[in-house]
Amino acid sequence: MNLVSLRMITDDVARLVEFYEHLTGVRAEWATPEFAELVMPSGTLAIAGSRTVALFGEGTARAAANHSVIIEFRVPDVDAEHRRLAAAGRAFVQQPTTMPWGNRSLLLRDPDGNLVNLFTPVTEDAVRRQERAARQAGSV
């Protein structure tokens, strides 16, 4: 089995796509005004409008209701990302902090309130874990 994508449901597709395009530097591929994808080497972040929920069954998903998932992006330099995003006026949940497991992390929220973690492995163990995970995923 292979995790291919994460789909987020939102009431404002354009606003969320703009946020993630700025965050990742990846341009979205739009299928319809209600559905766009940011395709990255490790997987795809799909963003769909609330009206698409009916295709799966009314009430199966709700926009801006996430309180349990953290969307994580590995970046080359989390402190540089902090400076870039701060200059753009982004607010942060947590400033860059080195976590006990060896990643330096920066937490912020997207416009729908979803928690986003940008991180850089900074200890040898953390770097090894990321390299192993990448090999297992077939991306190295």
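## Close-up views of a predicted model

**View 1. Ring pairs join Phe-19, Tyr-20 and Phe-73 into a cluster.** Two aromatic pairs are present in the structure. Phe-19 and Tyr-20 make an edge-to-face pair, with 4.9 Å from centre to centre and 85 degrees between the planes. Phe-19 counts as buried because its relative accessibility is 3%, under the 20% limit. Tyr-20 is buried too, at 0% relative accessibility.

**View 2. Tyr-20 and Phe-73 form a tilted aromatic pair.** Here the ring centres lie 6.3 Å apart, and the angle between the planes is 45 degrees. This pair connects distant parts of the chain: Tyr-20 belongs to helix α1 (residues 13–24), while Phe-73 sits in strand β5 (residues 70–74), 53 residues apart. Is Phe-73 buried or exposed? With a relative accessible area of 14%, Phe-73 is buried.

**View 3. Four strands make an open sheet with mixed pairing.** Which strands stand at the edges? They are β5 and β6 (94–98), and each has a single partner strand, so one side of each is left without a neighbour in the sheet. On average, neighbouring strands of this sheet are turned by 20 degrees against each other, with direction ignored.

**View 4. Strands β5 and β8 run in the parallel sense where they pair.** Five bridges hold the record of this pairing between β5 and β8.

**View 5. Helix α3 lies across β5, β7 (103–109) and β8.** If you are curious about the geometry, α3 runs at about 110 degrees to β8.

**View 6. Val-122 sits in the loop between β8 (115–121) and α3 (124–137).** Which residues does Val-122 touch, leaving aside those up to four places away in sequence? They are Thr-98, Gly-102, Asn-103 and Arg-104. Arg-104 is 18 residues from Val-122 along the chain, and the C-alpha atoms of the two are separated by 6.4 Å. Val-122 is partly exposed because its relative accessible area is 44%, a value between the 20% and 50% limits.

Notes: Residues are numbered from 1 along each chain as its sequence is written. This is a predicted model: local features need pLDDT of at least 70, side-chain atom pairs count only at pLDDT 80 or more; totals for chains, interfaces and linings use all residues. Side-chain values use heavy atoms; hydrogens and water are left out. Helices (H or I, at least four residues) and strands (E, at least two) are DSSP runs, numbered from the N terminus. Buried means under 20% relative accessible area, exposed over 50%, partly exposed in between (1.4 Å probe, protein chains only). Contact means heavy atoms within 4.5 Å. Rings of Phe, Tyr and Trp (its six-membered ring) pair if their centres lie within 6.5 Å; planes under 30 degrees apart count as stacked, over 60 as edge-to-face and the rest as tilted. Two strands pair if DSSP finds at least two bridges between them. Axes are lines fitted to C-alpha atoms, for helices over the stretch in contact, and angles run from 0 to 180 degrees between N-to-C directions.
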